[in-house]
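Please find below a short note for a colleague on the model shown here.

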Amino acid sequence: MPVLLTLAGAAASTAAGTLGRQAEPRAGAPSVAITSSVRSLYVVHCAGCHGRDGVGTRAGNVPDMRQLGRFLQLDGGREFVIKVPGVMGSGLTDQQVADVTNWVLSTIATSSLPADHKPYSADEVRQARAAPLLDVADARGRLLVQARERGIAID
């Protein structure tokens, strides 16, 4: 009898939605997370890997967001920042991607921003989505070589 009650309770919990919903992976899938601020969007869509402080992890090969502004100093770096799979596959709208990226740059990565930085726009994100990265590792590798040549430290 206890097993039946446990199974019945689990079925009721699932039906009630207490276990949450798993989004099916699909291109252009919208976020189902209800948020009220750009910081909330970061926490829901980015902090799981990058951490709330943006530090990332070397062991998990997750980049340190505090250095994100350094990519903006490189040829192709600005586009790279918004074309990485974690951004493109986040389920965020073009405007939300622009808002979150701008928030990260102005809060977490502010010390790495170039003096001539201009915020991302929704239109810029839309254009980036039209031409996705085919080889992220290669693109990042080329940017890292360029950074070394220019004396810009990026881990």
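1. A residue is called buried under 20% relative accessible area, exposed over 50% and partly exposed in between, with a 1.4 Å probe and protein chains only. By this rule Phe80 is buried, at 7% relative accessibility, and Phe71 is buried at 5%. The model is predicted: local features need pLDDT of at least 70, side-chain atom pairs count only at pLDDT 80 or more, and totals for chains, interfaces and linings use all residues. Residues are numbered from 1 along each chain as its sequence is written, and side-chain values use heavy atoms, without hydrogens and water.

2. Two aromatic pairs are present (rings of Phe, Tyr and Trp, the latter by its six-membered ring, with centres within 6.5 Å; stacked under 30 degrees between planes, edge-to-face over 60, the rest tilted). Tyr42 and Trp103 form a tilted pair, because their ring centres are 5.3 Å apart and their planes lie at 40 degrees. Tyr42 is buried, at 1% relative accessibility. The rings of Phe71 and Phe80 are stacked, with centres 5.6 Å apart and planes at 25 degrees.

3. Ser112 is also buried, with a relative accessible area of 6%. Its contacts (heavy atoms within 4.5 Å), not counting residues up to four places away in sequence, are Arg66, Gln67, Leu68, Gly69, Arg70 and Gln73.

4. What is the make-up by class of the lining of the largest pocket? The lining has 20 nonpolar, eleven polar and four charged residues (nonpolar: Ala, Val, Leu, Ile, Met, Phe, Trp, Tyr, Cys and Pro; charged: Asp, Glu, Lys and Arg; polar: the others, Gly among them).
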